[in-house]
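Biologist: I have a sequence and a fold to look at. Can you walk me through what the coordinates say?

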Amino acid sequence: MPTSTLQPVLAAIDVGTNAVRLELARPDAEGSLETLHQERDPIRPGEGVFASGEMPRETADRLLSTLRRYAALCRRHKARVRAVATSAMRDARNREEIVRRVRDEAGLNLEVVSGKEEARLICLGVLHRKPAHTRSLLVDIGGGSTEVALATGERPDELWSLPLGSVRLTEMFDAAGKVTPKQLRLMRSYVEEQMRKAIPERLPNLPRVALGSSGTINAVVGFAASEGTGHASMRQLTQTVETLAEMTPERRRKRFDPRRADIIVAGATILERVAKHLGVESVTGVNRGLRDGLLVDLLYRQDTTREDHSLADAAVSMGRRLFFEEKHARQVAALALTLFDELASLHNLPLSCRPYLEVAALLHDVGNAVSYERHHKHTYYLIHNGDIPGLTDRERELVARVARYHQRSPPELNHSGMQGLSAAEARLVRKLATLLRVANALDSSHHQPVKELRAVNGRDTVALHFKARQPVDLELWTVERETALFRRVFNKRLTLHVGR
């Protein structure tokens, strides 16, 4: 195949609690991913973090050395990279310093993803190309956290992340060596307590078989399962926990990789209690996980023809938790996206920015949950600190800025709220916020009077033609107040034309 026709190489870097992993892959013509190279370095980035709350300097140095090598491989392949860190880094007080070092020394943008984003990516990796109506229950046990996802097709319906991991639990209960019956009882009780806090019991319509995607789960299931079956029943899981706990550390190290052997009792205990809480009959091990999800996510992000509603769904879920006015939010989002689509030749923003506008429009008023006064600033804070699976930290920051400028002070370059943005980011925020302000003005009454909107980009003007189902005097007056900003940002006059 000629080089010019090859798809770009995609690279996934996963900084976990037990190990750091790299996978390089290339999409083929059918959208499948062909693995080009894999590496795994068991440097234990999370060692000591859960006890001390900080990543030691020597551990950070080992991590930087590994990531510099991974970055060089990615550059050699001219790969598009997404690098994420999970539970251990989430818990580390010095994570900002480490992220900065990774950026400065390795040239990588390391995202410390939330537990829900981790669960979403795992879900995407394991369930990629699942039939659209297939229901799946997914469990992943990492070193510091356990992720659970309920999905239809490859799309998650519910995501949970719990502070239960094989390394974390081992350190908490000193379970690397001999495990007494009392220690095992305490571990089981602790896991049950965390499960009850996070996930309702007896969830309706759960699949009877759970998919287990981590190395820990595969090791436990492989030990527990009947020869060659690849899945373990609840009875087998319970027997496995007790057998592993009774083993001496030396026997466990003969059966498992030495580093896995130290944490296997805790991992098996988590899997058994999670499966029991969810009421499943068995667990099947699968060989896909977070890295696969990162690659699929990169693949989808470069496919501009693919329609994906999962990010909007996550925004709506957040809005409902904050008791937002859903009809108004959906109306503003629909109007904003119409403006974005029909004025593409005016704003000249890439299609990848469209989801930012949609999320900002859906969540622009969530600051009312704190206070109506200055709610635009509260909106910024809630989005900035929120958990919106599907957005990176930087993308969430940009969405928060766009939503913050839906009213009051305009997004002028010298305004304090625009500080910290690059020139390109500032242009993006100004343009998206201006479209959002017009869309919000078109539903000033919160009664959704506009039933149809067209935007025409003319030589000197942008004409908005809309049909209304009721009087729009308030909307017209509010839009008029945004015309000056529109002209400053887009260098065109905004005109309004109302029909019935």
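Predicted model: local features only at pLDDT ≥ 70, side-chain atom pairs only at ≥ 80, totals over all residues.

Biologist: How many helices and strands does the protein have?

Modeller: Both kinds of element are present, counted as DSSP runs. The count is 21 helices and 14 strands.

Biologist: What radius of gyration does the protein have, and what would a compact globule have?

Modeller: The C-alpha trace spans about 80 × 50 × 45 Å along its principal axes. For 500 residues, a compact globule would have a radius of gyration near 23 Å. The protein agrees with that, at 25 Å.

Biologist: What percentage of the residues count as buried?

Modeller: A residue is buried when its relative accessible area is under 20%. Of the 500 residues of the protein, the share that counts as buried is 55%.

Biologist: Among contacts with a separation of 6 or more, what share comes from residues 24 or more positions apart?

Modeller: A contact needs heavy atoms within 4.5 Å. Of the contacts in the protein with a separation of 6 or more, the share from residues 24 or more positions apart is 69%.

Biologist: In what order do the 5 strands of the open sheet run?

Modeller: Start with strand E1 (residues 10–15) and strand E2 (residues 20–27), which run antiparallel and are joined by 6 bridges. E1 is also joined by 6 bridges to strand E4 (residues 80–85), and that pair runs parallel. E4 and E5 run parallel too, with 3 bridges. The pairing is mixed, and the order is E3-E2-E1-E4-E5.

Biologist: Which are the edge strands?

Modeller: An edge strand of this sheet pairs on one side only. The twist averages 20° from one strand to the next. The edge strands are strand E3 (33–41) and strand E5 (110–112).

Biologist: Which residue in E2 stands opposite Ala11?

Modeller: Leu10 stands opposite Arg80 in E4. Val84 stands opposite Glu111 in E5. For Ala11, the residue opposite in E2 is Leu24.

Biologist: What is the bridge partner of Val209 in E11?

Modeller: Strand E9 (residues 209–212) runs parallel to strand E6 (residues 135–141), with 2 bridges. There, Leu138 stands opposite Leu211. E9 is also joined by 4 bridges to strand E11 (residues 282–285), again parallel. In E11, the partner of Val209 is Ser282.

Biologist: How many residues of helix H16 (residues 354–363) are buried, and what covers them?

Modeller: H16 is mostly covered, with 8 of its 10 residues buried. Among the buried ones are Tyr356, Glu358 and Leu363. The cover includes helix H13 (310–321), helix H14 (326–342), helix H17 (375–384), helix H18 (393–404) and helix H19 (423–441).

Biologist: What should H19 span, and how far apart are its ends?

Modeller: H19 is mostly covered, with 16 of its 19 residues buried. At 1.5 Å a residue, its 19 residues should span 27 Å. The end C-alpha atoms agree, being apart by 27 Å.

Biologist: How many salt bridges does a search of the whole structure find?

Modeller: Side chains of opposite charge can pair when their charged atoms come close. One example is Arg288 with Asp292, at 3.9 Å from N to O. Arg288 is partly exposed at 33% relative accessibility, whereas Asp292 is buried at 13%. The search finds 42.

Biologist: How far apart in sequence are the parts tied together by Asp341 and Arg354?

Modeller: Their side chains meet in a salt bridge at 2.8 Å, N to O. Asp341 lies in helix H14 and Arg354 in helix H16, so the pair ties together parts with a sequence separation of 13 residues.

Note on methods
Residues numbered from 1 in each chain as written. Heavy atoms only, no water. Buried < 20%, exposed > 50% of the residue type's maximum accessible area, 1.4 Å probe, protein only. Expected span 1.5 Å × (residues − 1). Pairing = 2+ DSSP bridges. Axes fitted to C-alpha atoms, helices over the stretch in contact; angles between N-to-C directions. Salt bridge = Lys/Arg side-chain N within 4 Å of Asp/Glu carboxyl O. Rg over C-alpha atoms; globule rule 2.2 N^0.38 Å.
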